Amino acid sequence: MFPPFDEEKALEKCRWLAEKLDSGEAVLRQLSAVSGERAGQGLMLAAMVARDEDGKEGTYFACSGLSRQLQAAAPELAGSLRIAPPIVPPEAVASALAKNDREIHELTDRLAEGDGDALPPDRKEELKRRRRALTDESLDAVFSLYRFHCADGRLKGLKEACSEYARHTGKGGSLLPPTGTGECAEQKLLDLAFSQGLTPVSLAEVFYCAPDSPDAAKRGLAFPPCDSRCGIVLPAMLGLEILWRDTDIIVVNKQSGLLSVPGRGPDKQDCIVNRVKRLFPDCMEQPAAHRLDMETSGLMVLTFNPTAHRELSRQFQEGEVSKEYTALLDGVLACKGIAATGVMELTFRLDVDNRPHQIWDSIYGKKSITEWTVERVQDYHAPDGSSRPATRVLFRPRTGRTHQLRLASADPHGFGVPIIGDTLYGTCAEGERLMLHASRIVFTHPGNGRKMEFTCPAPF
């Protein structure tokens with residue numbers, strides 16, 4: 001995943017810590033027995049530079065995993081080497097694993113005897129199923145212990161983070177994360193920051209191992225947060241999936257159901273804009289150069305400073321930004337005689353008696369232009385277990401009118417086939433979402449003038 005914060009300051013601190021470990025002034029204290037296959041393995045060292053409420057910066061460190069912990073060996077480091085603790089104490093993890101540990105090892109030994117050849121095939125499969133069930137039960141017990149402090153002040157369990165990840169990415173329903181999830185070094189540092197009211201300024205991690213390790217070629221190299229574990233946990237902790245960030249812009253994958261900008265009233269303040277400003281307090285007051293409907297997911301670009309905002313807003317206003325949306329329509333367009341590709345021009349205006357609905361008005365309406373391509377017809381599996389045919393369409397809006405694509409789909413002057421899950425112009429069953437996703441955007445970087453292109457597959 002893309003590094004959520006600037007890395008420069010933190011990388012310097014990571015390499016400083018590696019030097020202290022090499023010299024023996026800092027040590028990696030072994031907390032548990034080392035298995036044969038893990039002997040000599042390296043780990044990740046992470047550093048975070050964070051600002052407290054008075055604006056003072058401090059540096060904090062962590063290492064990956066549960067079996068080792070950073071510790072100052074030299075007396076002069078004892079007061080300055082601030083170490084993030086594990087999310088869950090190692091003894092709590094060991095206790096959760098203890099229930100099934102003995103039986104899992106016994107099953108492993110039985111299957112290993114003569115490679116299990118002496119066992120009848122049915123019995124061998126039965127033992128494997130039993131071992132898998134016990135292993136999953138143990139992992140579930142461990143993962144139930146993990147709760148992370150988040151940027152919004154909440155505590156969020158790992159299972160909740162996994163559910164959010166599954167909904168946001170479309171990758172399965174219930175999700176058992178990889179072993180070790182919750183023990184990445186950057187997760188520990190962010191948990192520390194959000195639990196103590198610190199604002200991360202810089203965050204980075206490097207690989208560390210002994211000079212004679214088989215992995216010595218990677219020693220000291222910087223790596224971004226891992227996709228397999230951090231890709232699940234960090235977006236839940238940050239409240240954002242960050243796809244790109246530099247000094248001028250930030251690109252995020254917005255969740256369906258989250259506002260782009262704040263609305264009126266205290267219940268409408270949770271939005272992409274305020275989540276960005278919470279993570280990056282130096283951000284400008286109004287960073288959104290465009291917006292997505294609350295129910296629409298996908299790519300959204302925001303700016304950190306007024307100069308970048310003016311230039312990017314100009315590109316949107318003058319039609320220089322190319323956008324593509326993926327939608328799933330509730331029916332088969334071909335059955336209505338609708339071509340596989342085309343361009344439609346429609347005119348709509350606000351229905352002042354039924355806000356925020358838009359209505360057709362050939363006289364006073366504003367013109368919207370939409371290009372479409374039918375990708376395929378597929379089965380849509382509804383939350384209630386039923387299924388029906390749906391049409392996957394790629395929209396390329398040439399204008400940026402309110403609810404343009406929802407109207408192009410649902411209104412009789414357009415396709416007359418609403419997008420699945422549309423609460424305004426169609427129907428939305430319990431557990432459903434609007435099947436509309438901003439999947440591609442192309443624009444010119446407002447700072448350096450380079451062409452920027454981002455793609456983000458639809459989670460449906």
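These notebook entries record what I looked up in a predicted model.

**Entry 1: helix 4 and helix 6**

I began with two packed helices. Two packed helices are described by the angle between their axes and the distance between the axes. For helix 4 (residues 158–169) and helix 6 (residues 230–238), I read an angle of about 100° and axes 9 Å apart. Angles of 65 to 115 degrees count as roughly perpendicular, so I noted helix 4 and helix 6 as roughly perpendicular to each other.

I then listed the residues in contact. Helix 4 contributes Leu-158, Ala-161, Cys-162, Glu-164 and Tyr-165, and these meet Gly-231, Ile-232, Val-233 and Ala-236 of helix 6. Sorted by class, the contact of helix 4 with helix 6 holds seven nonpolar residues, one polar and one charged.

I found an open sheet of three strands in the order 3-2-7, with antiparallel pairing. Strand 3 (57–63) and strand 7 (199–208) are the edge strands, each pairing on one side only. From one strand to the next, I noted an average twist of 20°.

Within this sheet I checked the pairing of strand 2 (residues 43–51) with strand 7, which is antiparallel over nine bridges. Arg-51 has Thr-199 in strand 7 opposite. I also asked what packs on the sheet: helix 5 (residues 185–195) does, touching strand 2, strand 3 and strand 7. The direction of helix 5 makes about 160° with that of strand 7.

**Entry 2: strand 12 and its partners**

I followed strand 12 (residues 341–350) to its partners. With strand 14 (residues 366–381), strand 12 pairs in the antiparallel sense over eight bridges. For Gly-342 I noted Trp-372 in strand 14 as the bridge partner.

Strand 12 is also joined to strand 13 (residues 358–360), by three bridges, and the two run antiparallel. Here I recorded Leu-350 opposite Gln-358 of strand 13.

**Entry 3: Pro-446**

Last, I looked up a single residue. I located Pro-446 in the loop between strand 16 (436–444) and strand 17 (451–455).

Conventions
Residues numbered from 1 in each chain as written. Predicted model: local features only at pLDDT ≥ 70, side-chain atom pairs only at ≥ 80, totals over all residues. Heavy atoms only, no water. Axes fitted to C-alpha atoms, helices over the stretch in contact; angles between N-to-C directions. Helix = DSSP H or I, 4+ residues; strand = E, 2+ residues; numbered from the N terminus. Parallel < 35°, antiparallel > 145°, perpendicular 65-115°, else oblique. Contact = heavy atoms within 4.5 Å. Nonpolar A, V, L, I, M, F, W, Y, C, P; charged D, E, K, R; others polar. Pairing = 2+ DSSP bridges.
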